[in-house]
Every structure is written in structure tokens, then in C-alpha cells.
Amino acid sequence: MDNNKEKIQAIPKNLKINTRIVLTSVLAIAIPTVLIIALAITMFSVASSKINSPTISSASYNVMIQIKWNQIASQTARVLKKDKSDDKKLKETAYFCRSLEADGAYILITKNEKEFYCSDADDKSIEKMYSVIATENDDNAYHLSNSGLMITATAATEKDTYRFVILNEQLSFPDFSNGQSESLFGTFVNRTTLILTGIVFLFIIAIVVISFITTKTIVGPIRQITEGANEIAKGNFEHEIEYKSTNELGRLAESFNEMRLRVKDSIEEQSIADQKQKEMIAGIAHDLRTPLTSVKGYLEGLRDGIADTPEKRKRYMDIIYSSTCDTEKMLDELLTISKLELGSVTLNFERIETADFIEYAKQIGEEIEKKDFDFELIDQTKGSVVLNLDTDSFSRVINNIISNSIKYRNKDIRGRIEITIIEYKSTVLFEIKDNGMGVDRESLPRIFDTLYRADKARSDVRNGSGLGLAICKQIVELHGGLIWAQSELGNGLSIFISLPKADKN
């Protein structure tokens, strides 16, 4: 039952509002009109049967019959007055008289008191018509009673005089004598009052029904949308407007639902960004506090004379200088990542071939081998591929990644760094792989976040500020590329960089 109800409501729900308004206006006129006509027909039938009034037919008198007879009488008179032979006049007269004879009327026409045309009637009717001609004067006359209707008329020319009688004994007319006319008038007033009352009642019902339909199909959805908007204004982004339709209200409800989801996502993203910002500020404060504390401690040692030998003073000064350099390096990286995130860094792109990168990678490999690392370069390109690169910034990306591999080496085995270059249809993939400590699955998705460290216990900025990979991510994305990582804790880390090939000139 509910399914059928949904199917029935599906069609009107999709009507446009302007269509509904037009349809409502049409129904407001059509429904009462149809009902009033039906009521009027019923009332007329009931009234006719109760007062025995004649119905409109060929056997009852009404204004239309009188007009028809008058018209035929006039046409016949014009024919008789024309200057034509009697045969032609008789032929045309017979043509006009047939329609009256079909309704049960008899016609008698005399010319100079001699029979000119006579219908096929019984002797009694013919005798009645002759008696009328004999007794009536030349004026036109109407005789209407319970015994029928009779019309007499005269048509005269310079030579001839035509008299004709139309008789229909089947027609009847009620006798309104003895106060029946007053009774008929009272009946008419009563019936009219009843009909008017019915009309008013029907219009009231129609207005109530149409108002209910309008409220259900227009005001109802608007109320749902208003309630949904109020819930969104209160911050309840879980409330969904359930009105579904393809009309204007349906699209409005859909827009509100989309807005709700977008605002919800925006608030969640802002909350995440705020949390990251808090973590970044806390990280900056923590990382800067360590070298500054070191500088402060050794300066106090120099001030208080703890370093009482030239060798101690030199060692103190070297530590202070190193801590200051570490602080400066961290501030420089903070400034760099800030500029990159704000989009205020402009890269100088050049068309660089992968062959040039291979030469650069070989030089890096020589430096790595000096730090007790094995190095391998694997070129899987089909030939020298051209890339659009800012050489300085891209070199910084490679150096940052390799520096992390060296810092987080596995002390139990000999270190190894491997660079692989793979060519695809429209991109070139660089993989930098080490056999170091690796990163756990929980920390892996966040290693490119600003100031994020997988090792929460590490506080010495000499082991990394947590900005290196964040800078790499920003630079790679400015090149139109992608960067991601794969790792298992204790099994090394692989950094992948995908860059688009340069357009062929």
C-alpha cells in the first residue's frame, strides 16, 4: 500500500511551482463548474418530474418552436408573394412545410378561398383548419391551449390572397389559472435559493480541497527546507533534508544538503589544520628550545669561569657556534616552507635531460660511498628524456631525501642507497631507496607534514628539523609532480617522485 502511495505522489511532486499554480487556478474553476453543472442538471430533472412541466421536445411548446414556426411562415409567405408559376410556388411551399409536418403539424393554404396546399390529415383536423379560415380575419393569429397550437397567417399580392393555417394538436401548454402561476413562482424562488446555496457550498469545499493540496505539495516541502536550514544554522550538520524531487523545491533541498556537507567538510578540514598548526608551533618551540638551552648553558659556563683552560673555552665556543648554526638552519627551513606554502616562491624551469641527472646522481654516489654507504644507480629509461626542472630546488629535494637516509641508517648493517629512474608514457618516476630504520605504518602517511617526526623521542635538531620532507613535497608539487613513500619498520624507506615529461618542441 505504501509503495503504491509513493508511486501516486511521485508524479505531482515533480511538477514545477508555476505549473502547480496554473493547475491550481484551473482546478479552482473547473471543479466547481463541473459540480455545479451536475447539480443543476439533477435539480432540473427533479423539479421537472415534480411539477410536470413540459420538456423541450417536438411534442412540447417552447420559444424555439415558436421561432421556428414563425420563420417557416415568413418564408412561405415570401414564396407565395413571388411572381412565379403556381407549380413552382407549390413545390417550394411543400419543401418548407415538410419540416413542420415532420414535427406532427398540419398545414392548409388557400388561394383566393380555394385550396392551394393541404397536408395529409384526418377530416376532423382539416375541418378545424377550414373553420378557422372562415371565421378569422386577415390578421395573423396564434391559438395556444391544452388542445394544441394553431397559427394563421395571410400573404397577399396584387392579384391573389393566400391564407394558411398551421395546426399541431400534439403540443400542449399548462393552464396557469387559479393561482398556479403564483405556485410556480414560489417553486422557482425555492429552487433558485437551493441552487445558490449549493453553489456556495461547492465553492467552499473546492477552496478547502485546493488549499489542502497546495499546503501538502508546496508549503510542506518549504517547511522541511526551513527546518533543515535552521538546523544547519544551529551547527547540526548531521541533519539531512529528506525531500526528494526534480522541481525547484527539490533542487533547493539538494543544494542545502550539498552545502551542509561542504560546510561540514570545511569545518573538519579547518579543525585538522588548526590541530596541525598547534603541533607545528609546539614543535618549533621545542626544537628551538634545545639549541638555545645549549647555547645558554655554555655561555653561563664561560661567564662563570667554568671553562678555565684555553682548550675548554675553545670546546665551549665550538658547541655554541654549532648550536647557533643548527638554529639558523632550522629558521631558514621554516622560512623556506612558509614561502612555499604561501606560493611566494618562483621556480626557474629549464629543459633538463635525464642524462644530466644521471651525471649528477653519480657525483652524489661518490659522496655517499665516503660515508661508508653502498650506492647503486639504475636507469630504466629508453633514452634521454627531457623534463622541465628548477635544478636548484630539485637538487635540494634529492639532497634532503638522501640526508634522511644517512641520518636514519641501520647501525647493525652497512648502509645502502639505491636510485632508480623509470620511464612511463607521460611521466618519469624516481625511486630513492635505503635499507635504514624505516617508518611504521601509522607514521608513514604523515612524514611529509610540516615538523612531523616519526621518532617522537628525538629532540636534537641536528638529527633533523622535521621540515626536510615537507619542503620536498612542496617543491615536487610546484613541478606538477607527486611524491609518496613506502616503508616497513626496520626494512628501509622508499621515496617515489613522479614528474611529467616536457612537451616536445
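Which residues does Ile497 touch, not counting residues up to four places away in sequence? I looked this up before anything else. Ile497 touches Phe394, Val397, Ile401, Val428, Leu429, Phe430, Val476, Leu482 and Ile483, where contact means heavy atoms within 4.5 Å.

**Entry 1: the model**

I note that this is a predicted model, in which local features need pLDDT of at least 70 and side-chain atom pairs count only at pLDDT 80 or more, while totals for chains, interfaces and linings use all residues. Residues are numbered from 1 along each chain as its sequence is written, and side-chain values use heavy atoms, with hydrogens and water left out.

I recorded eleven helices and twelve strands in the protein chain. Helices (H or I, at least four residues) and strands (E, at least two) are DSSP runs, numbered from the N terminus. Of the 505 residues in the protein chain, 34% are buried. Buried means under 20% relative accessible area, exposed over 50%, and partly exposed in between, with a 1.4 Å probe and protein chains only. Among the contacts with a separation of 6 or more, 66% join residues 24 or more positions apart.

**Entry 2: the nonpolar cores**

I next looked up the nonpolar cores. A nonpolar core is a set of buried Ala, Val, Leu, Ile, Met, Phe, Trp, Tyr and Cys residues joined through side-chain atoms within 4.5 Å. The largest one has 45 residues, and Phe430 and Ile497 touch the most other members. Helix 11 (residues 468-478) gives this core its largest share, six residues. Apart from it lies another core, of 20 residues, including Leu80, Cys97, Phe116 and Tyr162.

In what order do the five strands of the open sheet lie? I read the order as 7-9-10-12-11, with mixed pairing; two strands pair if DSSP finds at least two bridges between them. Strand 7 (373-380) and strand 11 (482-487) are the edge strands, each pairing on one side only. Neighbouring strands of this sheet are turned by 15 degrees against each other on average, direction ignored. Axes are lines fitted to C-alpha atoms, for helices over the stretch in contact, and angles run from 0 to 180 degrees between N-to-C directions.

Strand 9 (residues 415-423) and strand 10 (residues 427-434) run antiparallel and are joined by seven bridges. Ile421 has Phe430 in strand 10 as its bridge partner. Helix 9 (residues 354-369) packs on the sheet and touches strand 7, strand 9 and strand 10; the direction of helix 9 makes about 165 degrees with that of strand 7.

Is Ile432 buried or exposed? Ile432, in strand 10, counts as buried at 2% relative accessibility. Leaving aside neighbours within four places in sequence, Ile432 is in contact with residues including Ile398, Ile417, Ile419 and Ile495.

Ser498 lies in strand 12 (residues 493-500) and is buried as well, with a relative accessible area of 16%. Beyond four places in sequence, Ser498 touches Thr427, Val428, Leu429, Gly481, Leu482 and Trp484.

Glu423 is found in strand 9. The C-alpha atoms of Glu423 and Ser384 are separated by 9.7 Å, and these residues are 39 residues apart along the chain. Once neighbours within four places in sequence are left aside, the contacts of Glu423 are Gln380, Thr381, Lys382, Gly383, Val385 and Lys501.

I then turned to helix 5 (residues 123-135). Its 13 residues reach 18 Å from the first C-alpha to the last, close to the 18 Å expected at 1.5 Å a residue; the expected span is 1.5 Å times one less than the number of residues.

Which residues of helix 5 are buried? They are Ser125, Ile126, Met129, Val132 and Ile133. These residues lie on the same side of helix 5 because they cover an arc of only 120 degrees around the axis, the arc being that of the directions from the helix axis to the C-beta atoms. The face turned away from the buried side carries the exposed residues Asp123, Lys124, Glu127, Ala134 and Thr135.

The cover over the buried residues of helix 5 includes strand 1 (106-111), strand 2 (114-118), strand 4 (148-156) and strand 5 (161-168). Strand 1 and strand 2 run antiparallel, joined by four bridges, and form a hairpin with two residues between them. Asn112 in the turn has a positive phi of about 55 degrees.
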